Amino acid sequence: MAAFLYRMGRLAFRRRWYVVLLWVGVLACVGLGALKAPGASEEEFSMPGIESQKAFDLMGERFPGSAADGATARVVFVAPDGQKVTATENRKAVEAAVDALADGTQVAGVADPFASRAVSEDASTAYATVTYKVKAADVTDASRTALEKAAGQARDAGLTVEAGGDAMDSGGGPGGVAEIIGISLAAVVLLITFGSLAAAGLPLLTAILGVGITMFTITALAHALGMDTNTGTLAMMLGLAVGIDYALFVVSRYREERAQGHDPREATGLAVGTAGSAVVFAGLTVVIALAGLAVVGIPTLTKMGLAAAGAVVVAVLIALTVVPALLGFWPRAVLPRTARKGTERGGKAKVTGRSLLVRKVVAGKRVVAAKRLLTRNGSPAGKRGEKNTGNSAADNLGTRWARFVLRRPIPVLILGVLGLGALAIPMTALQLGMPGDEAKPVSTTERRAYDALADGFGPGFNGPLTIVVDARGAADPKTAVATIGDRIGATKGIVSVATPHFNDAGDTAVFTATPSTSPTDERTKTLVTTIRDERPATETAADGATFEVTGTTALNIDIATKVQGALVPYLVTIVGLAVILLLVVFRSLLVPLKAALGFLLSVLAALGAVVVVFQQGHGAGLFGVEQTGPIMSLMPIFLVGIVFGLAMDYEVFLVSRMREAYVHGDTAREAVVSGFRHSARVVVAAALIMIAVFAGFVGEDESMIKMIGFGLATAVLLDAFVVRMALVPAVLALLGDKAWWLPRRLDRLLPRVDIEGEALTRRPADATELRPDPDPDPAPDEPVEARL
């Protein structure tokens with residue numbers, strides 16, 4: 001792996017114009033395809049295998065041509081205090097508004113509240129249901145303006161008028177602000193980390209290129225594959241984060257190799273061969289986690305996972321090709337300021353003029369170190385480890401922190417585990433659901449309409465249960481439907497049952513049952529379960545008719561149940577595959593297991609933080625959460641999948657340097673210090689960049705994106721700074737050489753991928769590797785006589 005990527009990096013450096021033009025061509029092609037592609041199709045959310053979905057499918061089959069897929073708006077009229085909407089003047093105002101609502105070109109019909117009995121018992125509130133000929137995504141701004149104008153007429157008459165429903169949703173998705181915030185913060189972190197505008201700008205440039213290709217591709221395929229706006233948002237979120245991080249690691253390794261005396265082309269090859277290997281396997285773990293979302297069995301979730309996985313694949317390919325190509329254009333500009341000044345004074349010519357000698361010496365030392373690995377368990381290795389890492393001039397904050405943890409591994413381990421455990425405790429109170437208009441800010445008319453309906457008709461009115469009765473097997477369908485309606489209406493917790501509506505064939509009926517509790521109340525979930533548990537007795541009394549419970553409330557309950565049931569199989573799948581992958585990468589039994597346990601700690605703690613803010617409301621105002629409630633049903637599965645992939649990213653980047661040092665002769669403890677010396681600063685920068693990118697999405701209006709952004713930012717913070725920076729060195733310090741133990745039989749069975757670049761240290765044995773490079777194209781900032 002390392003040797004192949006080494007050659008790829010050098011080739012991309014040499015043929016930089018071809019590489020850049022190739023990727024620009026790809027961007028242009030997918031961009032043109034996106035411009036010519038039809039708009040995304042707004043497919044209905046579906047989840048095969050649950051009762052609610054079966055009932056929806058039955059309704060679509062038995063009620064063909066109905067406007068069930070059309071958008072709806074519910075206009076709520078509230079009379080002034082002490083008055084009734086049925087009063088003469090108020091009634092005239094409502095009827096005038098209803099007439100105005102029916103005039104829209106997209107309006108299919110309006111249900112008059114007085115004719116449809118949509119008036120509360122105390123006559124303080126009434127509502128009119130507006131049905132549109134088009135889906136919610138196709139409702140124009142002109143239609144919404146006409147609705148608002150009609151509502152304004154009633155307001156002028158003294159009524160309080162609000163509107164809710166899916167027709168009022170003007171669309172979601174990324175608005176650009178989150179991306180701008182994330183990129184800006186990432187630029188600041190990169191500039192501080194590298195101290196060079198070119199080094200800071202290169203990862204941003206390549207990440208934007210990757211995100212552009214991904215988003216254009218998703219747009220081009222959205223209609224054909226039925227992907228919605230949230231699909232693109234997740235892909236953009238992850239593509240931007242990992243794209244910056246992967247380029248960051250390659251550029252950082254390039255600067256390190258240049259500092260050791262390698263010329264630009266050789267340093268690029270070594271950077272791609274070593275850091276690039278870590279990028280490949282880190283990206284592979286993220287892809288496994290995202291593609292594994294297909295295990296849940298939700299088509300929408302599968303599409304989002306695969307689209308995001310595609311974004312990660314693009315980010316990996318760009319890090320391995322475009323980044324080394326751009327290093328060919330700016331080989332000196334990405335170096336630290338002191339190094340650039342040295343080359344300007346002629347220091348570079350001195351280094352590059354003897355690059356062949358430097359390569360021989362450096363590589364030769366590595367070969368000697370590799371040959372001495374047989375003495376690792378003896379005193380020579382111990383002395384060598386102390387000698388190699390004891391130079392105080394090479395110390396930095398990472399090495400000082402590593403040595404601090406190595407001296408106190410048990411207190412650090414206990415403190416870290418207890419802290420994460422305390423954060424995870426609120427997760428035991430996790431409630432899943434699908435918040436609707438009640439989760440929107442009170443400044444929106446949808447939220448005010450929701451509250452007005454709850455006040456006038458009861459909290460359960462916003463989430464009625466839909467009962468679909470299949471009476472084909474009944475001798476008297478109408479009697480059977482009435483029996484089922486009576487028995488459901490007699491269930492404790494049901495306040496009313498509407499008149500059933502039959503299809504043209506008269507063998508299927510639909511009616512609503514209104515609970516006494518709100519859609520997100522746990523008692524509503526218990527009520528749905530009770531109705532379904534009593535189904536056998538109810539169907540027996542109905543003499544051949546069967547029924548199913550559906551509606552938005554029941555659908556949300558079924559989704560939460562299915563997601564909870566799929567969480568364990570999903571965890572087993574992705575953790576199992578990732579452990580096998582890390583087993584191959586690190587050739588150790590305990591390191592992959594430690595990585596998986598650390599991930600579980602960080603993800604449980606992140607879920608606990610989400611519960612504290614979004615469910616319990618502590619600090620909710622700081623994040624723009626005006627209404628707390630159940631956690632989005634899909635949130636845990638998203639958080640688990642994405643965080644697992646990102647956690648393995650940091651594990652691979654950090655521990656691969658430890659593995660590299662260990663293979664090259666360091667003791668187990670000093671390998672930890674060496675890994676922190678080279679990787680700690682870059683891992684911290686990468687984590688800060690990801691936190692910045694994810695935190696930017698907290699400002700989105702879409703509640704699911706807001707929740708995911710907060711959860712991911714929290715999880716990265718905990719995983720990078722607590723698990724990887726504290727718990728990992730503490731555990732490795734306690735394990736010592738046992739951390740890298742692998743049974744001989746298993747060692748022979750596993751393929752060797754050489755992520756630590758051991759093959760690169762053997763190149764001096766082959767004289768052909770040390771010949772001058774035949775390529776006549778030198779690096780832009782090098783004299784011709786300095787190239788290899």
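This is a predicted model: local features need pLDDT of at least 70, side-chain atom pairs count only at pLDDT 80 or more; totals for chains, interfaces and linings use all residues.
View 1. Four strands, arranged as β2-β3-β1-β4, make up an open sheet with antiparallel pairing. Its edges are formed by β2 (107–111) and β4 (160–164), each of which pairs on one side only. From one strand to the next, the twist averages 20°.

**View 2. The pairing of β2 with β3.** Strand β3 covers residues 125–132 and runs antiparallel to β2, to which 4 bridges join it. One of the residues shown is Val107, whose bridge partner in β3 is Tyr132.

**View 3. Helix α5 against the sheet.** Helix α5, residues 141–156, packs on the sheet and touches β1 (72–78), β3 and β4. The direction of α5 makes about 160° with that of β4.

**View 4. Helix α9 and its bend.** Helix α9 spans residues 264–291 and bends by about 35° at Gly276. The helix is mostly covered, with 26 of its 28 residues buried.

View 5. Thr274 lies in helix α9. Because its relative accessible area is 8%, which falls under the 20% cut-off, Thr274 counts as buried. The side chain of Thr274 reaches back to the backbone oxygen of Leu270, at 2.6 Å. In general, residues three or four places apart in an α-helix point the same way, because there are 3.6 residues a turn.

How values were computed: Residues are numbered from 1 along each chain as its sequence is written. Side-chain values use heavy atoms; hydrogens and water are left out. Two strands pair if DSSP finds at least two bridges between them. Helices (H or I, at least four residues) and strands (E, at least two) are DSSP runs, numbered from the N terminus. Axes are lines fitted to C-alpha atoms, for helices over the stretch in contact, and angles run from 0 to 180 degrees between N-to-C directions. Contact means heavy atoms within 4.5 Å. Buried means under 20% relative accessible area, exposed over 50%, partly exposed in between (1.4 Å probe, protein chains only). A polar contact is a pair of N or O atoms within 3.5 Å; within protein, one must be able to donate a hydrogen and the other to accept it, and residues adjacent in sequence count only if both atoms are side-chain atoms. The bend at a residue is the angle between axes fitted to the seven residues ending there and the seven starting there.
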